[in-house]
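Visitor: Please show me how to read the features of a structure one at a time, with the general idea before the particular case.

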Amino acid sequence: MEAFADLVNRDGPRMLAVCRRLLGNDHDAQDAVQDAFLSAFRSIAKFDGRSLLSTWLHRIAVNAALMRLRKNRSEPAAIESLLPQFSEDGHRVDSVDPWSLTPEEMLEREEIRTLVREEIDHLPEMYRTVLILRDIEAMETRQVSELLGVSENVVKVRLHRARIALREAFARRMKGALP
Amino acid sequence: VTCQEVVEFLLEYFDRTLPGEQIALFEGHLADCECCKHFLDQYRAIVRLTAGSAIPPPPKMPEAVQSAILEAIKAARGH
């Protein structure tokens, strides 16, 4: 039991963080981490040592969060209004204005980091999940495809659309806010 | 290559999986199209901003959460 308490202390914070990102609130995230540790406790004999214990636990936590998301799944929201529009000959309908700050300059500002997080939270779940697992958790496309039970191509398409939609949502919020 | 094709192939370009001859066409369009160049820069930027804006894990597990987990495991062990 003491060994498990050590694991909760060592790996729990990171598991809590990923569940919070996926589920969007502390309460559900804490429940998912509890589910994850229970699941790990029950299946610790199956841990084959091919990956690090912390990697194995992290994956169980992601799975627990995804199960909760599936349980609470709502109607898929449209993302089309955030995708670029093109004329019949393939040219852009709207122009793209440059941003005046570099990503590093933007990341120094807490209000911009908050805004990015808010816009990620507003993405439809199927896109948000892939974006979080690929671009924050740095998982490989193959791992994400296994976790979500979809093809690697679907993961790539969702990631691409998620990034494009987030870029547009962010640009709209930032319009006029940047010097 | 049109602006629409640039957006369609952006992920492969970004992941460096676009075939060589298509890279040349892609970059040829970027050299002539300010909008697509800004779009690519912002696509890169948003990937960076996504990772950089994430809230880091808490320094330690909240005590109440830790206790709840250990209680749940104890209960499961009893069964």
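Visitor: How many helices and how many strands does chain A have?

Guide: This is a predicted model, in which local features need pLDDT of at least 70 and side-chain atom pairs count only at pLDDT 80 or more, while totals for chains, interfaces and linings use all residues. Residues are numbered from 1 along each chain as its sequence is written, chains are lettered from A and ligands numbered from 1 in the order in which they are written, and side-chain values use heavy atoms, with hydrogens and water left out. Helices (H or I, at least four residues) and strands (E, at least two) are DSSP runs, numbered from the N terminus. Chain A has 8 helices and 0 strands, and read along the sequence its pattern is α-α-α-α-α-α-α-α. The C-alpha trace of chain A spans about 60 × 35 × 30 Å along its principal axes.

Visitor: What share of the residues of chain A count as buried?

Guide: Buried means under 20% relative accessible area, exposed over 50% and partly exposed in between, with a 1.4 Å probe and protein chains only. Of the 179 residues of chain A, 47% count as buried. One case is A:Ala36, which is found in helix H2 of chain A and, at 1% relative accessibility, counts as buried. Leaving aside residues up to four places away in sequence, A:Ala36 touches A:Met15, A:Ile60, A:Ala61 and A:Ala64, where contact means heavy atoms within 4.5 Å.

Visitor: How many aromatic pairs does a search of the whole structure find?

Guide: A pair of aromatic rings is described by the distance of the centres and the angle of the planes. Rings of Phe, Tyr and Trp (its six-membered ring) pair if their centres lie within 6.5 Å, and planes under 30 degrees apart count as stacked, over 60 as edge-to-face and the rest as tilted. The search finds 5 aromatic pairs over all chains. In one of them, the rings of A:Phe4 and A:Phe37 have centres 6.4 Å apart and planes at 75 degrees, so the pair is edge-to-face. Because A:Phe4 lies in helix H1 (residues 2–23) and A:Phe37 in helix H2 (residues 26–43) of chain A, the pair ties together parts that are 33 residues apart in sequence.

Visitor: Why is the pair of A:Trp99 and A:Phe170 edge-to-face?

Guide: The centres of these two rings are 5.2 Å apart and their planes are at 75 degrees, so the pair of A:Trp99 and A:Phe170 is edge-to-face. A:Trp99 lies in the loop between helix H3 (53–71) and helix H4 (103–107) of chain A and A:Phe170 in helix H8 (residues 152–174) of chain A, so the pair ties together parts that are 71 residues apart in sequence. A:Trp99 and A:Phe170 are both buried.

Visitor: What area do chain A and chain B bury between them?

Guide: The size of an interface is often given as the accessible area lost when the parts come together. Buried area is the accessible area (1.4 Å probe) that two parts lose on being put together, summed over both. Chain A and chain B bury about 4,200 Å² between them, 74% of it on carbon and sulfur atoms. A:Met1, A:Arg92 and A:Arg163 supply 16% of the area that chain A buries against chain B, more than any other three residues. In terms of contacts, 49 residues of chain A meet 42 residues of chain B.
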